[in-house]
Amino acid sequence: MIGIGRHTDYAARLVLHLASLAENTQVTIAEVAEERMLPLAFVRRLIGPLSTAGILTTVVGAKGGIRLGRPASDITMLDMVNAMEGGIVL
């Protein structure tokens with residue numbers, strides 16, 4: 001059996017939260033952490049790999065936040081696993 005790391009599980013929860021919002025809705029990392037009951041410091045570490053993979057878009061500044069980088073229907077679990085785990089090797 002192949003398992004996924006906690007960071008991939010949390011990344012999936014983060015993306016699921018953003019997918020449940022109206023399209024192009026931007027929220028803060030703290031909002032997602034609180035709503036999904038995830039550790040804020042852990043969620044902050046997920047943003048970089050998800051942004052690099054194009055799954056998230058980040059906005060810096062006082063009115064900054066995160067939002068999906070592409071439509072939710074175009075994001076697969078495999079995309080998240082590749083972003084967080086570095087791909088699957090058999």
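Phe 42 is buried, with a relative accessible area of 15%. Keep in mind that this is a predicted model. Tyr 10 is buried as well, at 13% relative accessible area; the cut-off for that label is under 20%.

So what do these two rings do together? A pair of aromatic rings is described by the distance of the centres and the angle of the planes. The count of aromatic pairs here comes to one. In it, the centres of the Tyr 10 and Phe 42 rings are 4.9 Å apart and the planes stand at 70 degrees, so this is an edge-to-face pair.

## A charge over the ring

Phe 42 has another neighbour to look at. Arg 45 places its charged end over the Phe 42 ring, 4.8 Å from the ring centre.

## How α3 meets α4

Now for the helix packing. Two packed helices are described by the angle between their axes and the distance between the axes. For α3 and helix α4 (residues 77-85), the axes come within 9 Å and cross at roughly 115 degrees. That makes the two helices, α3 and α4, roughly perpendicular. The crossing of α3 past α4 is right-handed.

Which residues make up the meeting point between α3 and α4? On the α3 side there are Leu 46, Pro 49 and Leu 50, and they meet Met 80, Ala 83 and Met 84 of α4.

Conventions:
Residues numbered from 1 in each chain as written. Predicted model: local features only at pLDDT ≥ 70, side-chain atom pairs only at ≥ 80, totals over all residues. Heavy atoms only, no water. Phe/Tyr/Trp six-rings, centres within 6.5 Å; stacked < 30°, edge-to-face > 60°. Buried < 20%, exposed > 50% of the residue type's maximum accessible area, 1.4 Å probe, protein only. Lys NZ or Arg CZ within 6 Å of the ring centre and 35° of its normal. Axes fitted to C-alpha atoms, helices over the stretch in contact; angles between N-to-C directions. Helix = DSSP H or I, 4+ residues; strand = E, 2+ residues; numbered from the N terminus. Parallel < 35°, antiparallel > 145°, perpendicular 65-115°, else oblique. Left-handed = near helix turned anticlockwise from the far one by under 90°. Contact = heavy atoms within 4.5 Å.
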